2 protein chains.
Amino acid sequence: VDRTTIRRLPISKSGEAGTSAASRSSQDRGAAVVVGPLADHLGYLLRRAQLAVFQDFFAAFATLDISPVQYSILTVIQQNPGLSQSQVSEALGIKRTNFVAMLDTLEARHLARRTATERDRRTYALHLTADGQALMRKLRVLASEHEQRLIDRLGAETHKQLFAPLRRLAALAHERS
Amino acid sequence: VDRTTIRRLPISKSGEAGTSAASRSSQDRGAAVVVGPLADHLGYLLRRAQLAVFQDFFAAFATLDISPVQYSILTVIQQNPGLSQSQVSEALGIKRTNFVAMLDTLEARHLARRTATERDRRTYALHLTADGQALMRKLRVLASEHEQRLIDRLGAETHKQLFAPLRRLAALAHERS
């Protein structure tokens, strides 16, 4: 069993007033929580890494109130003006119903708009508004700073080497569906 | 601009009856959706890879009705019997309120139990039940097969090399909180 620990719990100062409930348990003498076999699971580490990276993203984009998924939707609409809702949601792997709600929010904020297509009135073509384009210019700067923090963290070479294997893993989803 | 595409849309057979709404849009002549700058964002690829890996996990564990987060909770309780709810939720980076609901489910399924501690009646110590231990033996086999599919996908060397940088990224979360 791999005894790797991912987080060392704070050592309580025994008997001190105000010690939290958590630190009063049987593990309060500096023992660390052992995640054991989880540390050997790529899925577990992918999730922890993804959450940590998204946490940095959320913090960086908080002033503009944009989440990672909103940024990904705005980017795909900007890169492919006129796509349908299904095409954007499919390209990003977002469930249709979730996507519609997200687009409602972006439309209410006047960042993106749906326009009926000539060929089929039930299909909407997606475009960024002028506000959306202006916001994207700011977001691009923040996104680039966010990425630079990850590069600084890992080193440029390691950062670069992660992309190919992650793409191979991501492609598993296409093969299943 | 990186024109990397992550998914090639199906080429519609123009004019054919039953063509879906999506394929009737302006992109229906075999053009692919361009994710553009997203393809250069590690966070985006981490998320796509994590979702694909979890999709494999869900499929593999469906017969036993166990999700990745449930597996992680059961594993940490098994590895550290007697921990408090706060300690397990903190070690796994799960919000306290979400964790309590997840534990309710595991308790209702008779897989884990909370017992009041002698030192503090407000703190519960967590243990697996006999059913939980028996289930873990089955889950361990499925988890090992799931991991082997990822190893087969990436090659053993690449699979192994992913862990250190993912751990470095995951540690970003601890530094912020």
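Across the interface of chain B and chain A, the rule for salt bridges finds 0 of them, although 12 residue pairs between chain B and chain A are in polar contact, with both residues at pLDDT 80 or more. The structure is a predicted model, and the points below take up its interface, the relation of its two chains, and a few side-chain pairs.

**The interface between the chains**

- The area buried between chain B and chain A is about 7,800 Å², and carbon and sulfur atoms give 61% of that area.
- To this contact chain B brings 81 residues, and chain A likewise brings 81 residues.
- On the side of chain B that touches chain A, at least two residues each come from β1 (5–7), β2 (33–34), α1 (42–61), α2 (68–79), α3 (85–92), α5 (130–154) and α6 (156–176) of chain B.
- Helix α6(B) supplies 16 residues, the largest share of the side of chain B that touches chain A.
- Sorted by class, the side of chain B that touches chain A is made up of 39 nonpolar, 23 polar and 19 charged residues.

**How the two chains are related**

**Salt bridges**

- Side chains of opposite charge can pair when their charged atoms come close.
- Over all chains the structure holds 8 salt bridges, and one of them joins the side chains of R149(A) and D56(A), at 2.7 Å from N to O.
- Because R149(A) lies in helix α5 (residues 130–154) of chain A and D56(A) in helix α1 (residues 42–61) of chain A, this pair ties together parts that are 93 residues apart in sequence.

**Aromatic pairs**

- A pair of aromatic rings is described by the distance of the centres and the angle of the planes.
- The count over all chains comes to 6 aromatic pairs, among them the stacked pair of F57(B) and F61(B), which is 3.8 Å centre to centre with 5 degrees between the planes.
- F57(B) and F61(B) are 4 residues apart in helix α1 of chain B, and therefore about one helical turn separates them.

Notes
Residues numbered from 1 in each chain as written. Chains lettered and ligands numbered in written order. Predicted model: local features only at pLDDT ≥ 70, side-chain atom pairs only at ≥ 80, totals over all residues. Heavy atoms only, no water. Contact = heavy atoms within 4.5 Å. Buried area = accessible area lost by both parts, 1.4 Å probe. Salt bridge = Lys/Arg side-chain N within 4 Å of Asp/Glu carboxyl O. Polar contact = N/O pair within 3.5 Å; in protein donor to acceptor, adjacent residues only side chain to side chain. Nonpolar A, V, L, I, M, F, W, Y, C, P; charged D, E, K, R; others polar. Phe/Tyr/Trp six-rings, centres within 6.5 Å; stacked < 30°, edge-to-face > 60°.
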